[in-house]
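Open the model in your viewer and keep the selection panel at hand.

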Amino acid sequence: MRASTGPVGPSSVGPGGGAVRGEHWWPVAVAVVSAGLLHVALPASYRVDPVWVVPVVLFTLLVVLVVGDPGRIDREKAWLRVVTESVIAFITASNLYAGIHLVSDILTDNKLFANNATGLLATGGVTWVTNVIAFALWYWDLDRGGAAARAHRPAAEPAFVFPEMQHTAYAPAGWVPRFADYLSLSFWTATAFSPTDVSAIKRWAKLLMMVEAATSLIVATLVIARAINILQ
């Protein structure tokens, strides 16, 4: 029987000598909970009513995911993927609802922020940060079939090429991106409006990055321009 020579997973070898597969839930959980709390922080007219719906739904679905795949994320089940994508879709939809209302109010010269540049910037900032979290979760979930799939097949064809994959002398053997890497990708896409140190090599990944950059550009430009107008 031949011994495997390929990488075993994102964390190589554990204390007992066995392979350690999968990433921890807590970074993703923090992101999901943060998205729920950020939505609650929005002005009443930008939130999904009643106010408790978004955080309660997200927390409930998150508990289902952690119970269904306890410990490290390594269980490949169709229903877990459905629940995961439901969480991300719910964050995306609720933030889209807030973003559309924000842009509409700015374009129609709504009086909500007529003399409150600080409130406008805070609302725009909450929408922008939630957008970064939502796209980070999409990248994390879609690349190579998701976190559980990457735990078992780290050498699968990627949608994103990270620097660690090109400069192997500076990364552990069998390096696989985790949520923090996708969060960084999302942040820089929203900030620089272009790819930075990560290359998208699948068409869907390129299009998704274009959508994020365009959304970030529209929100940032309108919010900052309107805030400057109020201050003047």
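## Stop one: charged pairs

Select Glu 23 and Arg 150: they form a salt bridge, with the closest N and O atoms 3.7 Å apart. A salt bridge here is a side-chain nitrogen of Lys or Arg within 4 Å of a carboxyl oxygen of Asp or Glu. The pair ties together distant parts of the chain. Glu 23 sits in the segment before α1 (26-40), Arg 150 in helix α5 (residues 147-152), and 127 residues separate them. Helices (H or I, at least four residues) and strands (E, at least two) are DSSP runs, numbered from the N terminus. Glu 23 and Arg 150 are buried. Buried means under 20% relative accessible area, exposed over 50%, partly exposed in between (1.4 Å probe, protein chains only).

A note on what you are viewing: this is a predicted model, in which local features need pLDDT of at least 70, side-chain atom pairs count only at pLDDT 80 or more, and totals for chains, interfaces and linings use all residues. Residues are numbered from 1 along each chain as its sequence is written, and side-chain values use heavy atoms, with hydrogens and water left out.

How many salt bridges does the structure hold? The structure holds four. Next, select Glu 76 and Arg 153, whose closest N and O atoms are 2.6 Å apart in a salt bridge. This pair also links distant parts of the chain, 77 residues apart. Glu 76 lies in the loop between α2 (53-68) and α3 (78-107). Arg 153 lies in the loop between α5 and β1 (160-161). Glu 76 is partly exposed, at 40% relative accessible area. Arg 153 is partly exposed too, at 42%.

Now go to helix α3 and pick Arg 81 and Glu 85. Their side chains meet in a salt bridge, 2.9 Å from N to O. The two are four residues apart in helix α3, so about one helical turn separates them. Glu 85 is partly exposed, with a relative accessible area of 29%; Arg 81 is partly exposed, with 28%.

## Stop two: aromatic rings

Show the rings of Phe, Tyr and Trp. Rings (for Trp, the six-membered one) pair if their centres lie within 6.5 Å; planes under 30 degrees apart count as stacked, over 60 as edge-to-face and the rest as tilted. The count comes to nine aromatic pairs. In one of them, Phe 135 and Tyr 139 have ring centres 6.2 Å apart and planes at 45 degrees, so the pair is tilted. Phe 135 and Tyr 139 are four residues apart in helix α4 (residues 117-142), so about one helical turn lies between them. Both Phe 135 and Tyr 139 are buried.

Move to Trp 140 and Phe 179. Are their planes stacked or edge-to-face? The Trp 140 and Phe 179 pair is edge-to-face, at 6.2 Å centre to centre and 85 degrees between the planes. It links distant parts of the chain: Trp 140 in helix α4, Phe 179 in helix α7 (residues 179-192), 39 residues apart. Trp 140 and Phe 179 are both buried.

Then select a cluster linked by ring pairs: Phe 135, Tyr 139, Phe 160, Phe 162, Trp 175, Tyr 182 and Trp 204.

## Stop three: Ala 35

Pick Ala 35 in helix α1. Ala 35 is buried, with a relative accessible area of 3%. Beyond its neighbours within four places in sequence, Ala 35 is in contact (heavy atoms within 4.5 Å) with Ile 91, Thr 130 and Ile 133. Check Ile 91: 56 residues from Ala 35 in sequence, and 6.9 Å from Ala 35 in space, C-alpha to C-alpha.
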